[in-house]
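Work through the exercises below with the structure open. Each task is followed by a solution in steps.

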Amino acid sequence: MDEIQQILKRHQYVARASTSFIYGILVSVAMNFFWVPGNIYSSGITGLAQLIATLVKRYAPFQLSTAALLFILNVPLFFLAWKQIGHRFTFFTFLAVIFSSIMIKSISVVTLTKDPIICAIFGAAINGFGTGMALKNGISTGGLDIIGLTLRKRTGKSIGTINISFNILIIFAAGAVYGWPYAFYSALGIFVNARVMDIVYTRQQKMQVMIVTTKPKSVVDCIQTHMRRGITIVHGAEGAYRHDQKTILFTVISRYEQLDLKNAMEESDPYAFVSISDNVKIMGHFYEPEP
């Protein structure tokens, strides 16, 4: 059993390292194929790195690349992640940032188009997909992901919402450097990035589940075997058609756990009535698995 667990753990580490590498490729494509040709600023720390690189190039006698600044700005956040989130999470975050910096530096800028709207939308969609994929696999891309994950544990706000709040600074910077139309293009890109990221990273989306069943013990045991979720039991329900006795179960899951719930229901009571409500807000404790 220990050998199997070790093998599974190694496979998980390889998968996370591969995801870090894939993210590095995606962010470099977004940067060098869309954002740089279209004069668009990214969201978060990547956008801040772009801004500083632009200002240094204009006003300083030396130059600093966006790739180098991306790594430098993330260094203090590695320490935050190490203390607040987890050591394994920090290691793979470090890999993602290293791969991103190397890929942005290595892949040449290719001008597919200079249309700022196209560059904003496609660059943001590619980056948002990569970021969401990384978060879904239990790693971070650095920057605001670390701050967002830390704050989400305390406030329950989605990662995308936290990013949008921070990125007002980036929008004004784009306007000051490239002109105010580019501020709006960058704002469009930041919005698309946040929405795509929230779509892909489904772990923070909460869903309320109501189950009407004649086998409450079997259902409860099976759900709690598949996932770590509390369940409220309401006894004494009655079916209106046959007037048979039923039990109602209430729980809240993340969208990421939908397949686990489906498997649990098929095992315990495939004839149960299950109702799922989207986008519920939680007050109180909701277990979040460690990244």
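The model is predicted.

**Exercise 1.** Determine how helix 3 and helix 4 are oriented relative to one another.

Solution. Start with the ranges: helix 3 covers residues 66–84 and helix 4 covers residues 87–106. Their axes come within 10 Å and cross at roughly 175°. Angles over 145 degrees count as roughly antiparallel, so helix 3 is roughly antiparallel to helix 4.

**Exercise 2.** Locate T141, decide whether T141 is buried or exposed, and name the residues it touches.

Solution. T141 lies in the loop between helix 5 (116–136) and helix 6 (144–155). Its relative accessible area is 11%. Buried means under 20%, so T141 is buried. Leaving out residues up to four places away in sequence, T141 touches Y23, T93, A96, V97, T131 and A134.

**Exercise 3.** How many disulfides does a search of the whole structure find, and are C119 and C222 buried or exposed?

Solution. A disulfide is a covalent bond between the sulfur atoms of two cysteines. The search of the whole structure finds 0 disulfides. C119 has a relative accessible area of 0% and is buried. C222, at 11%, is buried.

Conventions: Residues are numbered from 1 along each chain as its sequence is written. This is a predicted model: local features need pLDDT of at least 70, side-chain atom pairs count only at pLDDT 80 or more; totals for chains, interfaces and linings use all residues. Side-chain values use heavy atoms; hydrogens and water are left out. Axes are lines fitted to C-alpha atoms, for helices over the stretch in contact, and angles run from 0 to 180 degrees between N-to-C directions. Helices (H or I, at least four residues) and strands (E, at least two) are DSSP runs, numbered from the N terminus. Angles under 35 degrees count as roughly parallel, over 145 as roughly antiparallel, 65 to 115 as roughly perpendicular and the rest as oblique. A disulfide is a pair of cysteine sulfur atoms within 2.5 Å. Buried means under 20% relative accessible area, exposed over 50%, partly exposed in between (1.4 Å probe, protein chains only). Contact means heavy atoms within 4.5 Å.
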